[in-house]
Amino acid sequence: MSAVKTRFPPSPTGHLHLGGARTALFNWLFARHHQGSFVLRFEDTDRERSRQEYVDSIREALEWLGLEWDEGPYFQSERLDLYREYAHKLYQSGHAYYCECPPEELERKRKEALASGRKPGYDGTCREKDLGPGPGRVLRLRVPRPGVTVVEDLIRGAVSFDHSEIDDFILLRSDGSPTYHLAVVVDDLTMGITHVIRGDDHLSNTPKQLLLYRALEAPPPFFAHVPMILGPDGARLSKRHGARSVLEYREEGYLPQALRNYLVRLGWSWGDQEIFTLEEMIEKFDLSRINKAAARFDPEKLLAVNAYWLRATPTPELAEEVLPFLRKLGLPVPEDRRYLEEALETVKPRARTLLEAAEMLRFYLVEEIDYDPEAARKFLTPDIAPVLERLLEELSRVKFKDEPLERLFRGLAEETGLKLKKIAQPVRVALTGKTVSPGLFEIMRILGRERVLRRLRRALEFIRTR
RNA sequence: GGCCCCAUCGUCUAGCGGCCUAGGAUACUGGCCUCUCACGCCAGAGACCCGGGUUCGAGUCCCGGUGGGGCCGCCA
């Protein structure tokens, strides 16, 4: 297979969501795997709904995911003359004809047919009228009747459609603009697309496009219809679940490599392997391992994969990524990068997203920590005060390394006859304000003597005045 | 409603006629580790939609049913 060329053709009528992102990923991977090229094309022939804002956000999302395109972006709105040219060819060759049926009339017939249980398609009123172009007229494809068109799908095999199921669909609207089917075919043809990899919601559309290739006497590309991504409830993906923009996932602290990893495993597999680097995906990706059944989006698993990649990311790199989230939470960013990294190191195995990591870093960054009321009530009690007093003394002498600190605490536990836990929890609350946190000794080591002593004194003060 | 696609643990999936006593991941439960929570490790529970065939043998092939999804626009 030489000179593979794939494309991703979103219509800029919304943000890039999970389904689109996976389609883009599959196309990109297939192209990369075959050392081919990947084209970005905006299908913006619907002028009513297309927005520049979405063009920008889709580009941004693709870039964030690392799916760089080799060609484009192209805009269908800039290629209108080309579509008209092809439409004219179709009209000239008798493969298409003009239709003057008013839209309201068609709509009425459609509803009527649906209500009485018949096919809602166009009834062919103008098919033999031999009309020329004119105001208010649309151009329709003259679908050969009778006939059958077979889609040779790379994933599903041969799927045949009887032409009685395909109506004479519109190629050119009454305003002269092309509809989806015409534009896609002309674009894929003129851009030299070799493989069309898209959601299987397009499978039923494929015979229409095949008919166009045939009318144009042009060879069609290969088609591969991948199963759709459904919401956790099995219904079509909607805003509620995963149809959220991929940029929203970025905002929530997901890593692009995690999103890619999760998405590539939705419908594609390579034995038992769950974790893939970009290089592995490119090396291993192929159409034959794509599943046929629709997959449900599982936010929990996405979170798990994200947690994995968070842990797998080198701390200095992660520190860079967490910065925007610290700002978002209004936390002071320490000028000492080393301090941030050490703190992050302790939070890394506990966070599932960058946002969570940032939140967990809070007590390292603010000088005045807030006590969780419940935690303070339970652990900052008068009976522990003597121990904290004692600790204050010892801590001004001890070396602030994990081992000496741990030895100090264990010694103190033995001396007082208290369980280590009984001492650790109040100190944890004193230092972090919470009952859960990274390991106590590493926290102390990182915070440093000065901060630790200050927080312990404040805890004692709190106990006295409660 | 017509046509099309699909069907393995809750979810993502492995399986391409005997290797399946159906494997992995995630979620869940229990244990270990332990200063809390995670991480990590160990263990457990959990699926071949139903019914017919074909075959010595079916999760794997065929047919039907059921269920889910998609398409049927002057949207893409």
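Author: Let's start with one pair. The side chains of arginine 337 and glutamate 341 meet in a salt bridge, 3.9 Å from N to O (a salt bridge being a side-chain nitrogen of Lys or Arg within 4 Å of a carboxyl oxygen of Asp or Glu). This is a predicted model, where local features need pLDDT of at least 70, side-chain atom pairs count only at pLDDT 80 or more, and totals for chains, interfaces and linings use all residues. Residues are numbered from 1 along each chain as its sequence is written, chains are lettered from A and ligands numbered from 1 in the order in which they are written, and side-chain values use heavy atoms, with hydrogens and water left out.

Reader: Where do arginine 337 and glutamate 341 lie?

Author: Both are in helix α12 (residues 337-347), 4 residues apart, about one turn of the helix. Helices (H or I, at least four residues) and strands (E, at least two) are DSSP runs, numbered from the N terminus.

Reader: Is glutamate 341 buried or exposed?

Author: Glutamate 341 is buried, at 16% relative accessible area, while arginine 337 is partly exposed at 32%. Buried means under 20%, exposed over 50%, and partly exposed in between (1.4 Å probe, protein chains only).

Reader: How many salt bridges in the whole structure?

Author: A search finds 53. One of them joins lysine 5 and glutamate 71, with the closest N and O atoms 3.0 Å apart. Lysine 5 lies in strand β1 (residues 5-8) and glutamate 71 in strand β3 (residues 71-75), so the pair ties together parts 66 residues apart in sequence. Lysine 5 is buried at 15%; glutamate 71 is partly exposed at 23%.

Reader: And what does glutamate 367 pair with?

Author: Glutamate 367 forms a salt bridge with arginine 451, closest N and O atoms 3.2 Å apart. Glutamate 367 is in the loop between α13 (354-365) and α14 (373-379), and arginine 451 is in helix α19 (residues 449-465), 84 residues away.

Reader: Switching to packing. At what angle do α15 and α19 cross?

Author: Roughly 160°, with the axes of α15 (residues 385-395) and α19 coming within 10 Å. Axes are lines fitted to C-alpha atoms, for helices over the stretch in contact, and angles run from 0 to 180 degrees between N-to-C directions. The two helices are therefore roughly antiparallel, a label for angles over 145 degrees.

Reader: Which α15 residues meet α19?

Author: Ala385, Leu388, Glu389, Leu392 and Leu395. Their partners in α19 include Val452, Leu456 and Arg457, contact meaning heavy atoms within 4.5 Å.

Key:
Angles under 35 degrees count as roughly parallel, over 145 as roughly antiparallel, 65 to 115 as roughly perpendicular and the rest as oblique.
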